[in-house]
Amino acid sequence: MDDKLKNMKKKYEDVPIPKELDEVIENSLKRKPKKRNKVSWWLGSAAAASVIFVGGINASPAMAKSLAQIPVLAAVVEVLTFTEYEVKDGNYEANIKVPQITGDSDEIHALNAQFEAEGKALYEDFTKETSYMDGGHLGVDSGYIVETDTDQLLSMGRYVVNTVASSSTVMQYTTIDKEKQIALTLPGLFKDASYVPVISEYVKQQMRDEMVASNGESTYWVGGTDMVEEDLFDLFETISSEQNFYITEQGKLVIAFDKYEVAPGYMGLVKFEIPTELIQDQLVSNVYIR
């Protein structure tokens, strides 16, 4: 073993094991395995949350910082479930997972505070609605998915599915520059607002093409075809300047729409990947979009 390799090995072995990690491991070894139980509350009871193990890590900033300094664990300390509300009472069900992004910037702290407040509000709205109901079914399912996780970017989607007679789904994406620890915005990716009509026209044409190719199995509320009764619907004309979006691992921009936003409910959440060559002239740079 050469001197360089020995020095690297010594530096790794000299990394101090944080006291908090020792305690967590010791307690985990002593604890007997047990099934995870769902928690039920009587309607109108005080809010309660079951905080799973990864939530315990995030609840201690000192421990999260210590974990981030350990080479083996640093790569996975990014998105954690901070709090989980679980309710099952007859036909009333709630499963709300609140994520937290590790980091130490003001913007990351603000995002985490927003996620926590939204999760709490969802739970409180659920208990309030059930207290007024007499029979029927009410459900809320909220959590998150990670669309992209690279050395540069983290794209995470937070969803809420509300179920009464039918279900509605809302998805909100957040894309983080890991190095700068900032959230990206759609306008911030472009020189000016000229991207809005360019992307909008592309999306509308993709909708039309898909409807024709599927022989009517796919339906979008878009004009320009004889497959939609235009007088019956508010037709999609343009994306918002702050349209929901995320960036793929390959550096492609994806424009996203909620259920019922541009199509009937059976189409679910709708997404369109935008060719980079189409928007190249509008982009500020190719740092994120390639």
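**Figure 1. The largest nonpolar core of the predicted model has 32 residues.** A nonpolar core is a set of buried Ala, Val, Leu, Ile, Met, Phe, Trp, Tyr and Cys residues joined through side-chain atoms within 4.5 Å; buried means under 20% relative accessible area (1.4 Å probe, protein chains only). Ile199, Tyr220 and Leu253 touch the most other members. Two or more residues each come from α7 (195-213), β7 (245-247), β8 (253-257) and β9 (270-274), with α7 giving the largest share, seven residues. Helices (H or I, at least four residues) and strands (E, at least two) are DSSP runs, numbered from the N terminus.

**Figure 2. Surroundings of Tyr220.** Contact means heavy atoms within 4.5 Å. Leaving aside neighbours within four places in sequence, Tyr220 contacts Met207, Glu210, Met211, Val228, Val262, Ala263, Met267, Val270 and Phe272.

**Figure 3. A second, separate core of 19 residues.** Its members include Ile101, Leu111, Tyr123 and Val160.

**Figure 4. Helix α6, residues 106-132.** Its end C-alpha atoms are 39 Å apart, which agrees with the 39 Å that 27 residues should span at 1.5 Å a residue (1.5 Å times one less than the number of residues). Buried residues of α6 include Ile108, Phe115, Gly119 and Phe126. The elements covering the buried residues of α6 include β1 (79-89), β3 (138-149) and β5 (167-177).

**Notes.** Residues are numbered from 1 along each chain as its sequence is written, and side-chain values use heavy atoms, without hydrogens and water.

Methods. This is a predicted model: local features need pLDDT of at least 70, side-chain atom pairs count only at pLDDT 80 or more; totals for chains, interfaces and linings use all residues. Buried means under 20% relative accessible area, exposed over 50%, partly exposed in between (1.4 Å probe, protein chains only).
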